[in-house]
Amino acid sequence: MAINTLATATLFQQTLDKVAVQEAVTGWMDANAGQVIYNGGAEVKIPKMSTDGLGDYDRDLGYPQGGVTLEYETKTMTQDRGRKFQLDAMDINENNFVTTGASVMGEFQRVSVIPEIDAYRLSSITTLAMTHDKFIDYGYTAAEGTILRKLKEGIATIRDNGYNGPLMIHATSDVITELEMALVGNIRSVEFSKGGIMTKVPGIDEVPIIPTPRSRMYSAIKIHDGKTEGQKKGGYEKASNGLDANFIILPTSTPIAVTKQDKMKIFDPDANQDADAWKMNYRRFHDIWVLDNKLDSIFVNIKDSKPTA
């Protein structure tokens, strides 16, 4: 057929990768992916650097020799997700496939892909905080009279632990509503960059507060395989042991998040052996990591009580 399916697939892939970063509430986390080596597939290489500390200067011997260690740790993205879609040739002709195909994939990305990536990242971060029993606060319901202090205490905890760079806060609508009531007329907007786009959000102490849907603020999620009975619709849901997070505070340098779409495949009706239809195969790898030396940079406030052992 006349349509260049290879060029179309490449165009879709580039557009969907960009949208995934720009529309995900956790899209700012992808900024740290620049330090990651990625050559396709599920594997990435993450740099780990360490240096010796200061030593005494000697007037005869001069500077004490220091050492720098730089090594790359190979990680495998655990989230290997995909779907295929078919658009009947009787409904989609060659001329309007690009427009219709883009609409279908754009809606799929917005409704299904992006929320799952967000929920996976935020639940992974919360799980790390809980597992290592670092800075985590249980059993709090957002209230006008206390929310400002809770947020400031969380920020101070991270700052006191030596993280003086930019921070980010993910918070539910309940938290933001109560904060707005507490600071009626005085809450300020701050700007931050996400996927090359400057975004304005509420802020406190110059720290952006990213409004995050409650359905993406769980401590644990169950990811459906899309095949098993009861899971055929795919996607995710709150895990049976999942807790509701109110807000998460962490430095912008802490999470290393990667999301990569594998080569998108488009088959026209002549090439599709399954049906007289256009077929689009979508596959996305993604994952998130926090290096061991930054586990003390995450503060999480949980609505539920602390689980019993």
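This is a short tour of a predicted model, one selection at a time.

**Stop 1: T26**

Select T26, in the loop that runs between α1 (5-23) and β1 (37-38). Is T26 buried or exposed? Its relative accessibility is 0%, so T26 counts as buried; the cut-off for that word is under 20%. Now show what surrounds T26. Setting aside residues up to four places away in sequence, T26 touches D118, R121, L122 and H170. With D118 there is also a polar contact between the two side chains, at 2.6 Å.

**Stop 2: D118**

D118 is buried because its relative accessibility is 0%. Which residues does D118 touch, leaving aside neighbours within four places in sequence? They are A24, V25, T26 and R216. Show the side chain of D118 and look at its polar partners. The side chain of R216 is one of them, at 2.6 Å. The backbone nitrogen of V25 is another, reached by the D118 side chain at 3.1 Å. The side chain of T26, from the previous stop, also makes a polar contact with the side chain of D118.

**Stop 3: S112**

Stay in helix α2 (residues 97-131) and select S112. How far apart are S112 and G235 in sequence and in space? In sequence they are 123 residues apart, while their C-alpha atoms are 6.4 Å apart.

**Stop 4: helix α4**

Select helix α4 (residues 173-182) and colour V175, I176 and L179, which are buried. Turn the view to look down the axis of α4: the buried residues fall within an arc of 95°, so they line one face of the helix. An α-helix has 3.6 residues a turn, so residues three or four places apart point the same way. Next, show what the buried residues of α4 pack against: α3 (147-160), β6 (167-171), β9 (207-211) and β12 (245-251).

**Stop 5: a patch on the surface**

Finally, switch to a surface view and select I37, M49, V68, L70 and Y72. Together they form a nonpolar patch with about 520 Å² of accessible area. Which strand gives the largest share of the patch? Strand β3 (residues 68-76) does, with three residues. L70 is found in strand β3.

How values were computed: Residues are numbered from 1 along each chain as its sequence is written. This is a predicted model: local features need pLDDT of at least 70, side-chain atom pairs count only at pLDDT 80 or more; totals for chains, interfaces and linings use all residues. Side-chain values use heavy atoms; hydrogens and water are left out. Helices (H or I, at least four residues) and strands (E, at least two) are DSSP runs, numbered from the N terminus. Buried means under 20% relative accessible area, exposed over 50%, partly exposed in between (1.4 Å probe, protein chains only). A polar contact is a pair of N or O atoms within 3.5 Å; within protein, one must be able to donate a hydrogen and the other to accept it, and residues adjacent in sequence count only if both atoms are side-chain atoms. Contact means heavy atoms within 4.5 Å. The arc is that of the directions from the helix axis to the C-beta atoms. Patches are made of residues with over 30% relative accessible area and no salt bridge: like charges are joined within 9 Å, nonpolar side chains (Val, Leu, Ile, Met, Phe, Trp, Tyr) within 5 Å. Accessible areas come from the Shrake-Rupley method with a 1.4 Å probe; for residues, only the protein chains shown count as cover. A salt bridge is a side-chain nitrogen of Lys or Arg within 4 Å of a carboxyl oxygen of Asp or Glu.
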